[in-house]
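Subject: A structure for you to look at

Hi there,

Here is the structure I promised to pass on to you. Please open it beside this email, and then read on for what turned up in it.

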Amino acid sequence: MKYKINPRNGDKLSVLGYGCMRFAGDSIVTSFTGRFDEKKVEKLIASAVEQGINYFDTAYVYTGSEEILGSVLKKHALRDQVYLATKMPLIMCRKAEDLDKFFDKHLEHLQTDHIDYYLLHMLTDMKTWETLCSWGIREWVEEKKRTGQIRNFGFSFHGAQSEFLSLLDAYDWDFCQIQYNYSDENYQAGVTGLKAAAAKGMPVMIMEPLLGGKLTKSLPKAAVERYRRTNPDISPAAWGFRWLYNQPEVTVVLSGMNEQEQLDDNVRIAETAAPGMLTEAEQEAIRDVREIFKASYKVHCTGCHYCTPCPAGVDIPACFTAYNTRYSISKSQGMIQYYMGTLMSDKPGYAGLCRECGKCEQHCPQSLPIRQNLKAVAKEFEGPLFKCAKAVLPFFVRKKRT
C-alpha cells in the first residue's frame, strides 16, 4: 500500500480508503435498512486493514454502517490502526443542540472516544455554513478538538464550484471531501476546487471515483475498445483510479468494495499509485473515453439514493441506471434493466409513478432535474410492451416467493 502524509498533522494515510456506504450488498438494502451480511463485512474490513488500508469513511445516515464498522474494529482490536471518518447529518439538524446529539451517537455507534476525521455531511453553500456559525459551531469544534474528541474537521461537498471556493475561505478547514472522476473534471468542486483546497495545504478525499461503478460496467463499447488499444492489461476500474492517483493534489481515493476480489484488485492498483504515473498516450486515451462517455450518458446520477425513498415509490436510481444503459450499451440491455429494476419486487418503482412533488430534487447532491428526467425515462420505456410486463412480471415474482 502507498501512503500520503497529511501536511497538517503528519498522519500517514493510505491512498486507497474504504467507503462504507454500501457494505457488501445491494445499495438500497445496505444504505437504508442496514441489513448486512455481517460475516462478509467483517472479513472485508479485516482484510482491508491487513492489506494496508487505514482510512474508513462512514456516515450517520448510512444505516447500520457506523455500528457494524465500530463492532468489527473493536472485535479485532483494530481501532488504533485506522483513521475513522464520519459525518454530521446536516439534513437532520434543526438546532444547535443537535450537534452534540448526533456526535454522541457517532461515538456510541463506532464504539470509540474520538473521531479522527469529522465532516459536515453535504455542506453545499455559504448560507448553511452561516446558519451553523449562528449556532456556535466554531466554538463547538474548538471544544471538541481541545478534548480530543475531534482530531480533524472538514466537510463533504455537493454543490456549485463558486460555493465550494467561498467555503474554503470561510474557515480554516483541516480537510475536505469532493466528488471527482475523469468523466467530468469540472463538475461541482472539480479540478479548480481540488487545486484550491490543496493550495491551502488541505488533504482532499475523493468520493465517487468511478461514478458509482458506471465508469466500469456501464462504459460504452467504444470506450472499452479505446482503452484496450492503449493497454489491454489495464481494467476500466484501474483507468479511473490511476487518473486520480496521477494528480498530486489527491490524498485519499474512497471506494466502496463489496467483494474480496474487488478489494484485492483495488489494493493492487493502489500499490502502483504515484503522481505523474500516466504516460501521454494514457492521458490521451482517458480524454477520448471522456468524450465518448459524455456523448452517450444521459443522466449523471451516481446512485447515492439521497433522493429516496420517493413518496410515490419511484426507484429513481434504478430508472436512471437503465436509461443510461440504453444509450451507453444498448436499448435491449436498458429495457431489461428497467423491467428488472422497477417491476421485479412487491412494490413497483417505475418512472410513470412520479407525482412531480419535487421532494427528490431537494436532496439530490447533483442538483439533477429529476422530474424532467423521469418523464424522459417513462417516454423511453413505458410503451405497450412495458404495460404487458407490468401486468405479468409481479405475478411471477409473487409465485416464486410462495
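Arginine 371 has 28% relative accessibility, so it counts as partly exposed (buried means under 20% relative accessible area, exposed over 50%, and partly exposed in between, with a 1.4 Å probe and protein chains only). Its partner in a salt bridge is glutamate 361, with the closest N and O atoms 2.9 Å apart; a salt bridge here is a side-chain nitrogen of Lys or Arg within 4 Å of a carboxyl oxygen of Asp or Glu. The two residues link distant parts of the chain: arginine 371 sits in helix α16 (residues 370–381) and glutamate 361 in helix α15 (residues 359–363), ten residues apart. Helices (H or I, at least four residues) and strands (E, at least two) are DSSP runs, numbered from the N terminus. Glutamate 361 is partly exposed too, at 24% relative accessible area.

Before going further, please note that this is a predicted model, in which local features need pLDDT of at least 70 and side-chain atom pairs count only at pLDDT 80 or more, while totals for chains, interfaces and linings use all residues. Residues are numbered from 1 along each chain as its sequence is written, and side-chain values use heavy atoms, with hydrogens and water left out.

How many salt bridges does a search of the whole structure find? The count is 22. One of them joins aspartate 169 to lysine 200, with 2.9 Å between the closest N and O atoms. That pair also links distant parts of the chain, 31 residues apart: aspartate 169 is in helix α7 (residues 161–170), and lysine 200 is in the loop between α8 (190–199) and β9 (204–207). Aspartate 169 counts as exposed because its relative accessibility is 60%, whereas lysine 200, at 38%, counts as partly exposed.

Aspartate 288 and arginine 226 meet in another salt bridge, at 2.8 Å from N to O. Here aspartate 288 belongs to helix α12 (residues 280–296) and arginine 226 to helix α9 (residues 221–230), 62 residues apart. Is arginine 226 buried or exposed? It is buried, with a relative accessible area of 11%, while aspartate 288 is partly exposed at 28%.

Two helices to look at

The expected span is 1.5 Å times one less than the number of residues. Among the buried residues of α2 are Val41, Leu44 and Ile45. The buried residues of this helix pack against β3 (16–19), β4 (55–57), α3 (65–75) and α11 (260–270); contact means heavy atoms within 4.5 Å. Just after α2, glycine 52 takes a positive phi of about 105 degrees.

Helix α4 (residues 97–110) has 14 residues and should span 20 Å; its end C-alpha atoms are 21 Å apart, which agrees. Its buried residues include Asp98, Phe102 and His106. They pack against α3, β5 (83–88), β6 (115–120), α6 (137–147) and β7 (150–157).

The inside

A nonpolar core is a set of buried Ala, Val, Leu, Ile, Met, Phe, Trp, Tyr and Cys residues joined through side-chain atoms within 4.5 Å. Which members of the largest core, with its 89 residues, touch the most other members? They are Phe56, Leu120, Trp129, Phe155 and Tyr245. Helix α10 (residues 236–245) gives the largest share of this core, seven residues. Leaving aside neighbours within four places in sequence, phenylalanine 155 is in contact with residues including Leu119, Phe164 and Trp173.

Two loop residues are also buried. Methionine 257 lies in the loop between β10 (252–255) and α11, and its relative accessible area is 0%. Beyond neighbours within four places in sequence, its contacts include Leu16, Tyr18 and Leu44. Glutamate 208 is in the loop between β9 and α9 and counts as buried at 15% relative accessibility. Not counting residues up to four places away in sequence, glutamate 208 touches Gln179, Tyr180, Asn181 and Thr302.

Happy exploring!
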